[in-house]
Amino acid sequence: MLLRVKQAQPQSLVGLEIQTDGIAVAARGTKDQMPFVSHLAFLPGADDGQRFQQLRAYVQKNKLKNKPCNVVLPQGQYQLYLLEAPEVPAAELANAMKWRLKDLVSQPLDQLVIDIFHVPNDSARGNRKMIYVVVVLKTYLQQVIDCIEESGLKLKAIDIAELALRNIAIHLVEPQFDQRGVAIARLAQNAGTVSIYRAGNMYLSRHFNLPYGGGLLDDLPV
């Protein structure tokens with residue numbers, strides 16, 4: 001996670017995913033100690049200003065102010081790199097990966113927020129240890145943080161789509177089949193991703209373009 005606030009697991013929680021044409025909202029509540037989906041909506045908007053204006057109104061209308069909130073970033077606002085891990089102490093790994101990025105990104109490193117997560121050792125060929133590196137512009141991340149605070153929600157975590165899908169994948173597989181893994185294909189207009197998960201880890205994620213309109217009457221592309 002690019003941002004995580006340490007606190008007890010809340011009984012109610014608002015989940016947001018920022019998309020290219022709006023913000024998807026899902027809120028969890030509890031009744032008789034059982035969780036349920038209390039709110040589900042899509043707030044359309046042509047740009048972030050419109051989207052977060054819609055969010056502020058939605059939070060106020062549905063009395064969600066001060067609820068803890070998790071946010072998933074739009075895939076077009078971050079980059080995900082799979083790189084070989086250098087032989088350095090764990091405490092120095094994040095900085096070492098930052099320097100490995102300097103020839104891959106066009107922005108100065110001090111303008112970027114970087115997070116890392118490990119790929120399981122059994123996914124690599126030979127003895128190479130691989131790491132996924134997430135890269136986001138600081139200015140965009142700060143904009144998201146400010147807009148969430150202005151909406152009245154309490155930001156708890158910022159995540160990326162691939163790891164949010166990992167959390168879903170954990171609940172898709174019965175424990176006795178955990179070692180078999182699961183692949184999730186996610187389709188959107190003109191694009192899609194395929195990610196492979198096993199035993200709570202992401203092994204692979206690939207993004208691709210495809211001729212798909214994303215409508216209810218559009219055939220799913222082979």
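In the predicted model, threonine 193 touches Gln75, Ile184, Ala185, Arg186, Arg206, His207 and Phe208, when residues up to four places away in sequence are not counted. Threonine 193 belongs to strand 11, which spans residues 191-198. With a relative accessible area of 3%, this threonine is buried.

Glutamate 162 is located in helix 4, formed by residues 161-172. A polar contact of 2.6 Å connects the side chain of glutamate 162 to that of tyrosine 78, and a polar contact of 3.3 Å connects the side chains of glutamate 162 and glutamine 75. Although glutamate 162 is buried, no salt bridge is found for this residue. The nearest side chain of opposite charge is that of arginine 186, at 7.6 Å; a salt bridge would require a nitrogen-oxygen distance within 4 Å.

Arginine 186 instead takes part in a salt bridge with glutamate 17, in which the closest N and O atoms are 2.7 Å apart. This pair links distant parts of the chain, with glutamate 17 in strand 2 (residues 13-19) and arginine 186 in strand 10 (residues 182-188), 169 residues apart. Glutamate 17 has a relative accessible area of 16% and is therefore buried, whereas arginine 186, at 29%, is partly exposed.

The structure holds three salt bridges, and helix 1 contributes to the two that remain to be described. Aspartate 48 and arginine 51 form a salt bridge with their closest N and O atoms 2.7 Å apart. Because these two residues lie three residues apart in helix 1, they are separated by about one helical turn. Aspartate 48 is buried at 16% relative accessibility, and arginine 51 is likewise buried, with a relative accessible area of 8%. The side chains of glutamate 150 and arginine 56 also meet in a salt bridge, with an N to O distance of 3.8 Å. Here distant parts of the chain are linked, since glutamate 150 lies in helix 3 (residues 138-151) and arginine 56 in helix 1, 94 residues apart. Glutamate 150 counts as exposed at 54% relative accessibility, while arginine 56 is partly exposed, with a relative accessible area of 31%.

The loop between helix 1 (48-61) and strand 5 (68-72) includes lysine 63, and asparagine 66 is placed in the loop between helix 1 and strand 5 as well. Most residues other than glycine have a negative phi. Lysine 63, however, has a positive phi near 55 degrees, and asparagine 66 has a positive phi near 70 degrees. Lysine 63 is exposed, with a relative accessible area of 72%; asparagine 66 counts as partly exposed at 45% relative accessibility.

One aromatic pair was identified. The rings of phenylalanine 117 and tyrosine 132 have centres 5.3 Å apart and planes at 25 degrees, so the pair is stacked. Distant parts of the chain are linked by this pair: phenylalanine 117 is in strand 7 (residues 112-118) and tyrosine 132 in strand 8 (residues 130-137), 15 residues apart. Both phenylalanine 117 and tyrosine 132 are buried.

A search of the whole structure found zero disulfides. Cysteine 69 is in no disulfide, and the nearest cysteine sulfur, belonging to cysteine 147, is 12 Å away. The sulfur of cysteine 147 in turn has that of cysteine 69 as its closest cysteine sulfur, and the 12 Å between them is too far for a bond; a disulfide would require sulfur atoms within 2.5 Å. Cysteine 69 is buried at 0% relative accessibility, and cysteine 147 is buried with a relative accessible area of 13%.

Aspartate 159 lies in strand 9, which comprises residues 154-159. At 10% relative accessibility, this aspartate counts as buried. The C-alpha atoms of aspartate 159 and methionine 97 are separated by 19 Å, the two residues being 62 residues apart along the chain.

Methods:
Residues are numbered from 1 along each chain as its sequence is written. This is a predicted model: local features need pLDDT of at least 70, side-chain atom pairs count only at pLDDT 80 or more; totals for chains, interfaces and linings use all residues. Side-chain values use heavy atoms; hydrogens and water are left out. Rings of Phe, Tyr and Trp (its six-membered ring) pair if their centres lie within 6.5 Å; planes under 30 degrees apart count as stacked, over 60 as edge-to-face and the rest as tilted. Helices (H or I, at least four residues) and strands (E, at least two) are DSSP runs, numbered from the N terminus. Buried means under 20% relative accessible area, exposed over 50%, partly exposed in between (1.4 Å probe, protein chains only). Lys and Arg count as positive and Asp and Glu as negative; His and the chain ends are not counted. A polar contact is a pair of N or O atoms within 3.5 Å; within protein, one must be able to donate a hydrogen and the other to accept it, and residues adjacent in sequence count only if both atoms are side-chain atoms. Contact means heavy atoms within 4.5 Å.
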